[in-house]
Amino acid sequence: MTAPASAPPALRDPRPAATRRRGGLALAVGLIVLLALALTSLFVGTASLGPADLIRGLDERQTQTLLESRLPRTLALILSGSAMAVAGIVMQLLVRNRFVEPTTAGTTESATLGLLLATVIAPAMPLPGKMALAVVAGLAGTWLFLRILGNIPLRSQVVAPVVGLVLSGVVGSVSTFIAYRADLMHTLSAWMTGDFSGVVSGRYEFLWIVAACGVIAYLAANRFTVAGLGEQFSTNLGINHRRVMALGLTIVAVTAAVVVVVVGALPFLGLVVPNIVSAVMGDYLRRSLPWVALVGAGFVLVADLIGRTVIAPAEIPVGVVAGVLGAAVFLVVLARRFRDG
């Protein structure tokens, strides 16, 4: 069988060349805004460090603050925010449901349970080993979620996130019981609440793994787009649907597990950002994925700035602020879906 003469519509960007150029210009403006937020993040905190100090020249203490604390924290915010948003849109595309993401499908809670079991059973295990167990647990939780969805009638798009939230609650209850018996409630609470206050040099570098996952997702974007159209359609185009599903869900599980291990859970991020971007950019993943990463990073930076300034010099964990903002936006998206029938 010969290959089709042209790519199927799902793989082509239908916009005219002039529109694509305007899109590239808008993306450049978005990068400038993200850079401005990142620079603002560098100069917000209890230690005295501002743009004027940078111009005059930093002393030894300020240099240490910038390189050991502020810069790693800002990089962690950008990497984790963009990665969780990308994981969210990949999961939504493969599951074919706009209300699904790692924290509404049991993936994050399962990864946390795996990390907790590794800590209880082998507390001396190196962090990469615990992270690997968290990834395996995240994959198992996602697989269980998909199996449950495959055995119940999906009369509405709301059924899938409800099932995921119930599954997340059950897995979270098991984690809470184990943590209570092992006297690890404080540790579990830290994993379930995204907090960047303890991110310093030497504690964020694992997040470069999720950056690599984002690059892989971009390279496989066309395959994910086709797989999201259904197994029969993708098979007719010569794509191994199961292999693409496995790749996408592995990216989701690895991203969720690494983010939980390094900074904790970031709720609703992978749900809100893809819905906002898709409403504007459509479902062409290769075009929308850079915007998803950009808006995800900006969302987390804004949440962090709010958390650091509202009750300064104390701060509110990013996970709490992101959860409040994300839940509010999620309710708006849900109400619009119902209004549109």
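## First stop: T119 and its neighbours

Select T119 and show what surrounds it. T119 touches K130, L184 and W191, leaving aside residues up to four places away in sequence. Remember that you are looking at a predicted model. T119 lies in helix 4. Is T119 buried or exposed? Its relative accessibility is 16%, so T119 counts as buried. The cut-off matters here: buried means under 20% relative accessible area.

Now show the side chain of T119. It reaches the backbone oxygen of L115, at 2.8 Å.

## Across to K130

Next, select K130, one of the residues that T119 touches. K130 sits in helix 5, which covers residues 127-149. Which residues does K130 touch, not counting those up to four places away in sequence? They are L115, A118, T119, A122, P123 and M125.

K130 has a relative accessibility of 13%, so K130 counts as buried. Pick the C-alpha atoms of K130 and L117: they are 8.8 Å apart in space. In sequence, K130 and L117 are 13 residues apart.

## Into helix 3: S82

Move on to S82. You will find S82 in helix 3. S82 is buried, at 16% relative accessible area. Its side chain reaches the backbone oxygen of I78 at 2.8 Å.

Which residues does S82 touch, not counting those up to four places away in sequence? Select A293, G296 and A297 to see them. Then pick T112 for another distance. S82 and T112 are 30 residues apart in sequence. From C-alpha to C-alpha they are 20 Å apart in space.

## The salt bridges

How many salt bridges does a search of the whole structure find? It finds 3. Visit them one by one.

Start with D304 and R73. These two form a salt bridge, and their closest N and O atoms are 2.6 Å apart. D304 is buried, with a relative accessible area of 1%. R73 counts as buried too, at 7% relative accessibility.

E315 counts as partly exposed, at 31% relative accessibility.

D304 forms a salt bridge with R308, with the closest N and O atoms 2.7 Å apart. Why are D304 and R308 separated by about one helical turn? Because they are 4 residues apart in helix 13. R308 is buried, with a relative accessible area of 9%.

Now show R73, D304, R308 and E315 together. Salt bridges that share partners join these four into one network.

Switch to a surface view. Select V302, I306, V310, I311 and L325. They make a nonpolar surface patch of about 360 Å². Look at I306, which is found in helix 13. I306 is partly exposed, with a relative accessible area of 32%.

## Last stop: colour by confidence

Finish by colouring the model by pLDDT. The protein chain has a mean pLDDT of 83. Of its residues, 91% reach 70 or more.

Which elements have the lowest and the highest mean pLDDT? Helix 2 (residues 51-56) has the lowest, 74. Helix 4 (residues 107-121) has the highest, 92. You have already been in helix 4, as T119 lies there.

Then select residues 1-10. Here pLDDT stays under 50. For this stretch the model has 6 contacts beyond four places in sequence.

Key
Residues numbered from 1 in each chain as written. Predicted model: local features only at pLDDT ≥ 70, side-chain atom pairs only at ≥ 80, totals over all residues. Heavy atoms only, no water. pLDDT = per-residue confidence, 0-100. Helix = DSSP H or I, 4+ residues; strand = E, 2+ residues; numbered from the N terminus. Contact = heavy atoms within 4.5 Å. Salt bridge = Lys/Arg side-chain N within 4 Å of Asp/Glu carboxyl O. Buried < 20%, exposed > 50% of the residue type's maximum accessible area, 1.4 Å probe, protein only. Patch = residues over 30% accessible without salt bridge, like charges linked within 9 Å, V, L, I, M, F, W, Y side chains within 5 Å. Areas by Shrake-Rupley, 256 points an atom, 1.4 Å probe, with all protein chains shown as cover. Polar contact = N/O pair within 3.5 Å; in protein donor to acceptor, adjacent residues only side chain to side chain.
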